[in-house]
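The sequence and structure come first.

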Amino acid sequence: MKIGIVCYPTFGGSGVLATELGKALADKGHIIHFITYQQPVRLDAFHPNIFYHEVTVPTYPLFDFPPYESALSSTLVDVILNQGLDLLHVHYAIPHASSAYLANQILKKQQANIPFITTLHGTDITLVGKDKMYESVVTFSINESDAITAVSENLRQETLNSFKIEKEIHVIPNFVDIKRFSQSNKEHFKKMLAPNGEKILAHVSNFRKVKRVDDVIHMFYQLRKSMPCKLLMIGDGPERQAMEQLCRELGTCEDIRFLGKQEKLEEILSITDLFLLPSAYESFGLAALEAMGCQVPVISTNAGGIPEINIHGVTGYLTEVGDTESMAKYALELLSDEDKLNTFKKNALEQAQKFRIDLIVPMYEHLYESLVPAAAL
Ligand code: GMT
């Protein structure tokens, strides 16, 4: 099948998921065309079945806001026609679903329109989509999609509660490539970061408000009073500076390292003992799943779809949003009991196996097959 994928090309979960999906589909023989404004970050190697089309947005003195949505629609029309795509899969509703709709309307005039699938990822529904300024376009373009998927049961419910959706929403969860996200021996690296055998905690995010990164620091501050430990802060975003300032105020700087954006995440996760995800909302929590693939238990909130992957008392612990005291208490309990920690590590991997890429990608393929005429398969 020839499939067009539209996504945000950045380190964010939706872009990562879309890129990994495209790579997995290409490995299975599909021809994949990524259409976005920048090379997706995880599209890092040549693959004979993968093509990338950059959307450029010409500027003009009149444009205070260059019209990306129009440029994307025009590029979609061009790629669909000239590459003979069978199907378009857009990730993140805004503005990808409405651009896909517009492209299809243009193609209809030439009897050349193709089915498009919209995958909802989280903030496109729970934060941005609900904004009155976007709501009607989001509702319309979701309903005009030939199929809709959500990455968790929780996100499906959130979407149904917030928008008037007239179609079925299929739940297809996030997935992890266990071959990549698995524990490898990085003892030398661990020794460098924790020379006295301190336990290592890690947090990975885009440092946005919804991630409650300050809870990571506060929780660590409390834990550090009871045991020697180190914290690795991975990623970057609007809250980063304030977090570095918070560390200075709490006097924890010597035990916290801000590593910025990292491409070889699996290497850092391989030396991590505990992953922290204190988000106010998370439709799924891909970062936690990737940690679990590397046998890292998770302390998270019970927000959104997180309880669909992190099982309280089995793969980690769940707390109410903002309850840093319980997070620290659970962390101490787990990190000071080697047997329990090893059991949780094993359980984390077992749970991650349920979301293996080879189990989830066929769910998308089945959906594609239900929309594309048999002749194209
Ligand atoms: O977490 C983010 O802020 C990035 C965001 C995105 O859209 O790129 O991630 C969302 O999609 C991921 C992949 O489906 C999910 O695993 C994340 O939980 C979700 N984030 C939120 O719901 C906040």
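## Cavity

V16, L17, E20, R42, F175, V176, D177, F181, L286, E290 and I357 line the largest cavity. On a 1 Å grid over the protein atoms alone, a cavity is a set of points where a 1.4 Å probe fits but cannot get out, and lining residues have an atom within 4 Å of a point. The volume of the largest cavity is about 60 Å³, taken as the space filled by probe spheres set on the points, which are joined across faces, edges and corners. The count is 1 cavity of 30 Å³ or more.

## Basis

This is a predicted model, in which local features need pLDDT of at least 70 and side-chain atom pairs pLDDT 80 or more, while totals for chains, interfaces and linings use all residues. Residues are numbered from 1 along each chain as its sequence is written, and side-chain values use heavy atoms, without hydrogens and water.

## Ligand site

Domain 1 (2-175 + 357-376) and domain 2 (187-353) both contribute residues to the shell around the ligand, so the ligand lies between them; the bounds come from an automatic or database domain assignment. Of the 17 residues around the ligand (a heavy atom within 4 Å), S14, H121, N174, K211 and E282 come nearest.

Oxygen atoms of the ligand lie 2.7 Å from a side-chain N or O atom of E282, 2.9 Å from a polar backbone atom of S283 and 2.9 Å from a backbone N or O atom of G285.

Note on methods: A polar contact is a pair of N or O atoms within 3.5 Å; within protein, one must be able to donate a hydrogen and the other to accept it, and residues adjacent in sequence count only if both atoms are side-chain atoms. On a 1 Å grid over the protein atoms alone, a cavity is a set of points where a 1.4 Å probe fits but cannot get out, and a pocket is an open set with protein on both sides within 12 Å along at least five of seven lines; lining residues have an atom within 4 Å of a point.
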